[in-house]
Amino acid sequence: MLTEEILWLAPFVFILAGTVKGAIGIGLPTTVIAFLSLVTDPRVAVAVGLLSMVLSNIWQVYREGDVVRTLRRFWPMASVTMVVLFCASFFAAAADGRVILICTGIAIAIFAATSLVGQPPALPPPWERAGQIVSGTASGLMGGFTGIWAPPLLIFLLSLRLEKTDFVRTIGFLLLLGALPLLAGYVVTGLMTKELFAMSVAMLIPTFLGFTIGERIRRALNPARFQKSVLIFFLIMGLNMIRQAVWG
């Protein structure tokens with residue numbers, strides 16, 4: 001399952017993914033899946049990236065602190081995301097690879113397009129709890145099937161108009177809690193093999209190397225301009241995956 005192409009490409013991809021994550025706080029699974037899906041099944045790409053997803057978000061949450069306050073406010077969304085994502089991962093195991101590829105391309109394109117458009121309309125406070133349930137369900141379905149569950153979370157959190165620190169902590173927290181049931185689902189369904197788990201462990205080194213580079217980029221460059229460039233690139237990659245699935 002691990003071809004020679006994956007073995008030489010993966011370290012460079014994870015350095016890039018860690019750099020994106022360190023610079024803008026999101027985008028690690030999107031980068032990994034977009035590039036590795038060019039040479040392998042998207043589910044293999046997800047499996048190889050799962051430990052990096054978990055540990056990078058643990059580090060992000062740890063750096064921001066005050067997790068208890070985030071949990072108290074967003075526990076409904078977190079709970080729904082985790083349950084739905086775990087269940088949806090079983091459908092990914094049974095689905096055709098081409099279907100997974102096109103759904104992943106759509107997810108990446110949505111992620112990039114919604115992030116480029118800007119802020120959605122503000123959500124009135126009385127609707128927040130219902131919004132958490134809807135967003136958590138959408139995130140779980142998307143994440144379990146494609147390995148990318150950030151778009152609905154981002155749209156919802158932007159609609160709350162959170163302060164920067166609260167936003168970074170909350171998105172890291174929710175991405176972490178999504179990665180855990182996805183990892184469990186991949187183990188239960190057999191998508192995470194011993195070979196892929198070992199590869200996932202090995203990719204932690206380039207991931208955190210890239211993360212360190214990304215933090216320096218964030219301090220040295222205009223983060224908004226860097227983020228826009230990354231998102232445009234994601235949009236192109238997502239559309240290319242759709243093209244690849246439809247036309248071969």
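Student: How many residues in the lining of the largest pocket are nonpolar?
Tutor: Let's sort the lining by class: eight are polar and seven are charged (Asp, Glu, Lys and Arg; nonpolar means Ala, Val, Leu, Ile, Met, Phe, Trp, Tyr, Cys and Pro, and polar the others, Gly among them). This is a predicted model, where local features need pLDDT of at least 70, side-chain atom pairs need 80 or more, and totals for linings, chains and interfaces use all residues. Residues are numbered from 1 along each chain, and side-chain values use heavy atoms, without hydrogens or water. The nonpolar count in the lining of the largest pocket is 16.

Student: Which helix gives the most to that lining?
Tutor: Helices that each supply at least two lining residues include H1 (4–24), H3 (42–64) and H11 (223–247). The one giving the most supplies five residues, and that's H8.

Student: Is Leu116 buried, partly exposed or exposed?
Tutor: Leu116 sits in helix H5 (residues 97–117). Buried means under 20% relative accessible area and exposed over 50%, with a 1.4 Å probe and protein chains only. Leu116 has 32%, so it counts as partly exposed.

Student: And what about Pro125, buried or exposed?
Tutor: Look in the loop between H5 and helix H6 (128–146), where Pro125 is found. Because its relative accessibility is 67%, Pro125 counts as exposed.

Student: How far apart in space are Pro125 and Leu101?
Tutor: Along the sequence, Pro125 and Leu101 are 24 residues apart. In space, going C-alpha to C-alpha, the distance between Pro125 and Leu101 is 37 Å.

Notes:
Helix = DSSP H or I, 4+ residues; strand = E, 2+ residues; numbered from the N terminus.
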